[in-house]
Amino acid sequence: MNAQTNAPSIPRLGNATGLSCRECGNTSPLGPYYACEMCFGPLEVCYDFPRLTRADIEAGPNNIWRYAALLPVPADIADRPTTQPGYTRLIRADGLAAELGMRRLWIKDDSGNPTHSFKDRVVAVALAAATEMGFKVLACPSTGNLANAVAAAAARAGIRSVVLVPANLEMQKILTTAVYGGTFVTVDGNYDDVNRLASELAGEHEDWAFVNVNVRPYYAEGSKTLGFEIAEQLGWRLPDQIVVPVASGAQLVKIDKGFTELTELGLVESKPWKVFGAQATGCSPVSEAFARGWDVVRPVKPDTIAKSLAIGNPADGPYVLDVVRRTGGAVADVSDAEVVDSMRMLARAQGVFGETAGGVTLGVLRKLLAAGQIDPDAETVIINSGDGLKTLDAVAPTVIVPATIKPTIEAFLAAGFESPALP
Ligand SMILES: Cc1ncc(COP(=O)(O)O)c(C=O)c1O
Ligand SMILES: [Zn+2]
């Protein structure tokens, strides 16, 4: 039994050839399936990749569609109406590295995406696959950034969106979803409640593609493009270490998959890399499982200012544990106060204003450096996955806005602005 819909399977989606179970390896044809018919394990996309050169990729557009051959999307995807996410800045973070005592540090700044988070990547891939499979509506449960990305992508494609979020989200994320004009539902509950409701709705509406539920195998593949871009922007090299924020865990798992695929395709030289996961202490089920040596992740009730990462029952949690253990990395967590301190450090030392998830990631880098678990001399990339403008409340109480002065030199001098501000 394929537990999802009666929609027909499709023979081919670019170079994708089918779906395989991450638990038992059972394969099924491409289609709107997400759970294994044998063991209910999660499915992922398999491919028959063509021979591909760096030049082929470099000749593509300056967005994720330059990697279309490595994604489950139709070959003409670059010509369709999408938000064209990706190819965001990889910033050489010398100022921050100096402050942290590191040799070579980079920030992959995904706040530069069309709706200011990495979610535009996964949504664009989900939309492409969902359209091919005959879905008519783009939907999601979200912790905020996904809501923005789904509402915008559907508006761009001219289709309906249905977005569900916990009602207590940041006002910036509520407004920047509502503005796109789809069906927008704020729910009295936490993300895990919203996710349950979405799963029930997916069962009732066969032509609604819930990007992170019933088309999740395709959606998740979008995060491989973070790995592809990092390697390409480093001059077709892999970094030694990477620190990635973890909510469901899909982003971390797929960055690792992206590195693996580039290596297998001969597009980068084979070398070891370590993957580190970052959580906020108020929602740290994967970090706890890592610390205790568990293979399973025990769900928690989130309580943290890092609302975008507040998933208490992470679907990819066990696979995050696999990746970090296999590569010699770790998962760690930091308090809300450390998150805010790191958001401010990122802004002050490097000129990048990341959202709370960025503060979590830098906070964990600092913590693991102090613990000797991250090598300060090894080349390191950290992900800034979202924009600080969406989580202003997190920093508002700690940022000092000076008093207003009269427009005179005397007032300027009297207010003490001749000397530099204290850090
Ligand atoms: C800004 C930001 N970073 C990271 C994540 C974590 O992504 P994942 O659920 O793939 O672990 C999210 C998820 O919502 C997010 O919004
Ligand atoms: Zn299975």
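This is a predicted model: local features need pLDDT of at least 70, side-chain atom pairs count only at pLDDT 80 or more; totals for chains, interfaces and linings use all residues.
**Ground rules.** Residues count from 1 along each chain as its sequence is written, chains are lettered from A and ligands numbered from 1 in the order written. Local features need pLDDT of at least 70, side-chain atom pairs count only at pLDDT 80 or more, totals for chains, interfaces and linings use all residues, and side-chain values use heavy atoms, with hydrogens and water left out.

**Zinc.** I looked up what holds the zinc ion (ligand 2), and found the SG atoms of Cys21, Cys24, Cys36 and Cys39 at 2.2 to 2.4 Å. Donors here are N, O and S atoms within 2.8 Å of the metal (3.2 Å for Na, K and Ca). Their spacing along the chain reads C-x2-C-x11-C-x2-C. The angles between the four donor atoms run from 100 to 120 degrees, so the arrangement is tetrahedral (for four donors, all angles between 85 and 135 degrees).

Buried or exposed? I checked relative accessible area, where buried is under 20%, exposed is over 50% and partly exposed is in between (1.4 Å probe, protein chains only). Cys36 is buried because its value is 2%; Cys24 is partly exposed because its value is 43%.

I then noted which residues lie closest to the centre of the largest pocket: Asn212, Arg216, Ser248, Ala315 and Asp316, out of 46 lining residues. A pocket is an open set of points on a 1 Å grid over the protein atoms alone, where a 1.4 Å probe fits, with protein on both sides within 12 Å along at least five of seven lines; lining residues have an atom within 4 Å of a point.

Methods
Four donors count as tetrahedral if all angles lie between 85 and 135 degrees; four count as square planar and six as octahedral if opposite donors are over 155 degrees apart and all others between 65 and 115; anything else is irregular.
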